[in-house]
Amino acid sequence: MSFSRLAMVCLLLSALGSPPTLAMPRDFRVGNIVIVQPHAPPTRDGQPNGVVYFRHIENLGSQDDMLVSATTRRARRMEVHEMSMDNNTMRMREISGIALPAKTRVALMRGAPGGVHLMVMGLDRPLFVGEAFEVVLRFRQAGEVTVTVE
């Protein structure tokens with residue numbers, strides 16, 4: 001294939017927008033929900049809480065869903081949190097879940113709009129770089145899935 005033809009194919013493919021997510025090795029799927037790259041930044045000694053982010057969670061289905069809770073053996077509890085700014089002060093609050101509208105991808109990375117993430121509270125020990133631990137996610141429609149957080 002000539003360079004100009006290859007460039008044209010690449011241009012056409014990029015114009016179509018991003019395709020639906022296909023589950024990759026660090027991704028997980030339950031029903032029509034794809035959980036992409038769950039990860040947790042390391043914590044310091046004595047820091048009782050951590051956070052879990054995801055590159056995104058995508059609902060490939062035709063019905064809305066919601067991530068309603070999460071648990072792990074590494075901590076006393078987990079909560080779904082939302083971060084907001086109030087007069088230059090960062091505030092976090094627990095929310096009832098993360099809405100996952102049908103045919104939609106929701107970004108849950110550090111710095112993503114809305115600042116939605118999972119708080120890991122009462123860690124049994126610090127989180128280290130390269131460490132992996134399991135988290136059970138519960139979705140209203142899709143059910144439960146165990147993911148490995150790195």
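In this predicted model, the largest pocket comes out at a volume of about 170 Å³. Its lining is made up of 13 residues, and the ones sitting closest to the pocket centre are Tyr53, Met83, Met90, Gly115 and His117. Sorted by class, the lining is mostly greasy in the plain sense of the count: nine residues are nonpolar, three are polar and one is charged. Two strands, S7 (89-94) and S10 (117-123), each put at least two residues into this lining.

Both of those strands also belong to an open sheet of four strands, which runs in the order S3-S10-S6-S7 with antiparallel pairing. Strand S3 (49-52) and strand S7 sit at the edges with a single partner strand each, so one side of each has no neighbour in the sheet. From one strand to the next, the twist averages 40 degrees. As for what holds such an arrangement together, strands of a sheet pair through backbone hydrogen bonds.

Zooming in on one pair, strand S6 (residues 75-86) lines up with S7 in the antiparallel sense over six bridges. Here Met83 stands opposite Met92 of S7; Met83 is also one of the residues closest to the centre of the largest pocket.

Of the 150 residues in the chain, 41% are buried. Looking at contacts between residues at least 6 apart in sequence, 68% join residues at least 24 apart.

Notes:
Residues are numbered from 1 along each chain as its sequence is written. This is a predicted model: local features need pLDDT of at least 70, side-chain atom pairs count only at pLDDT 80 or more; totals for chains, interfaces and linings use all residues. Side-chain values use heavy atoms; hydrogens and water are left out. On a 1 Å grid over the protein atoms alone, a cavity is a set of points where a 1.4 Å probe fits but cannot get out, and a pocket is an open set with protein on both sides within 12 Å along at least five of seven lines; lining residues have an atom within 4 Å of a point. Grid points are joined across faces, edges and corners, and a volume is the space filled by probe spheres set on the points. Ala, Val, Leu, Ile, Met, Phe, Trp, Tyr, Cys and Pro count as nonpolar, Asp, Glu, Lys and Arg as charged, and the others, Gly among them, as polar. Two strands pair if DSSP finds at least two bridges between them. Axes are lines fitted to C-alpha atoms, for helices over the stretch in contact, and angles run from 0 to 180 degrees between N-to-C directions. Buried means under 20% relative accessible area, exposed over 50%, partly exposed in between (1.4 Å probe, protein chains only). Contact means heavy atoms within 4.5 Å.
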